[in-house]
Amino acid sequence: KYPKIFFNGCRSHAMDLVIEDIAKIPEIFEIIRKCKKITMFILDHGRVKSAYKRIASALGKGTLPRKLADSRCAYACLLLDAIIGDNDANVQITREMINEPDWRTSICGSFTSKTKHLIEEFEDIVTDIDFYKLVKVLLKLFDILSSVCHHWETPASRASFVYPMFCALVQD
């Protein structure tokens, strides 16, 4: 009915869907899954979380990773960013944490035989140099795409389309 009208929200929604599709590519999904594993391991275990905070405080840098819902495009970017941290601070914290002498005994001492595999999986992920290289590459990709999507969703961007939409309405 109105062939000249376009809607800015459609662009941002389409970009959101593209980002979600990229995050579903098996190789990329696996990296995101590992980032979630790191996050959940730290946040779901009190002693591990305390050790993380203690080391971050001693270093004077780093932040706790955050649990994020998979429902928005920026979750992948935010998740990857939280795993790396500013100037690799969070990478350094996790590595220092597992290298502490009491890592297995005191910090992870409350783990049962059924959950010991979580410790090993966590250690394998945070000591894998290639994993962090891939996270950084993906972070660059998702950062660009999320920024574009965010720009299209901002009120200033939407406002810039008010006049063209008005002109399209007048023409129609």
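Below, we go from the overall make-up to single residues.

Mentor: First, the ground rules: this is a predicted model, where local features need pLDDT of at least 70, side-chain atom pairs count only at pLDDT 80 or more, and totals for chains, interfaces and linings use all residues. Residues are numbered from 1 along each chain as its sequence is written, and side-chain values use heavy atoms, with hydrogens and water left out.

Trainee: How many helices and strands are there in the chain?

Mentor: Helices (H or I, at least four residues) and strands (E, at least two) are DSSP runs, numbered from the N terminus. Here you get ten helices and zero strands.

Trainee: What share of the residues count as buried?

Mentor: Buried means under 20% relative accessible area, exposed over 50%, and partly exposed in between, with a 1.4 Å probe and protein chains only. Of the 172 residues in this chain, 37% are buried.

Trainee: Which residues have the most contacts inside the largest nonpolar core?

Mentor: A nonpolar core is a set of buried Ala, Val, Leu, Ile, Met, Phe, Trp, Tyr and Cys residues joined through side-chain atoms within 4.5 Å. The largest one has 44 residues, and Ile38, Val48, Met97, Trp103, Phe122 and Phe142 have the most contacts inside it. Among the elements giving two or more residues to this core are helix 1 (8–23), helix 5 (89–98) and helix 8 (129–153).

Trainee: What is tryptophan 103 in contact with?

Mentor: Contact means heavy atoms within 4.5 Å. Leaving aside neighbours within four places in sequence, Trp103 is in contact with Phe41, Val48, Met97, Ile98, Cys108, Ile119, Phe122 and Glu123.

Trainee: How are two packed helices described?

Mentor: You give the angle between their axes and the distance between the axes. Axes are lines fitted to C-alpha atoms, for helices over the stretch in contact, and angles run from 0 to 180 degrees between N-to-C directions. Helix 2 and helix 3 pack at about 100°, with their axes 5 Å apart. That makes helix 2 roughly perpendicular to helix 3; angles under 35 degrees count as roughly parallel, over 145 as roughly antiparallel, 65 to 115 as roughly perpendicular and the rest as oblique. Phe41, Ile42, Leu43 and Asp44 of helix 2 meet Gly46, Val48, Lys49 and Tyr52 of helix 3.

Trainee: Is helix 5 largely enclosed or largely open?

Mentor: Seven of its ten residues are buried, so helix 5 is largely enclosed by the rest of the structure. One of the buried ones is Thr94, with a relative accessible area of 3%. Not counting residues up to four places away in sequence, Thr94 touches Ile42, Tyr52, Phe122, Val126 and Tyr132.

Trainee: And how many disulfides does a search find?

Mentor: A disulfide is a pair of cysteine sulfur atoms within 2.5 Å. The search of the whole structure finds zero. Cys35 is buried at 0% relative accessibility, and Cys108 is buried with a relative accessible area of 0%.
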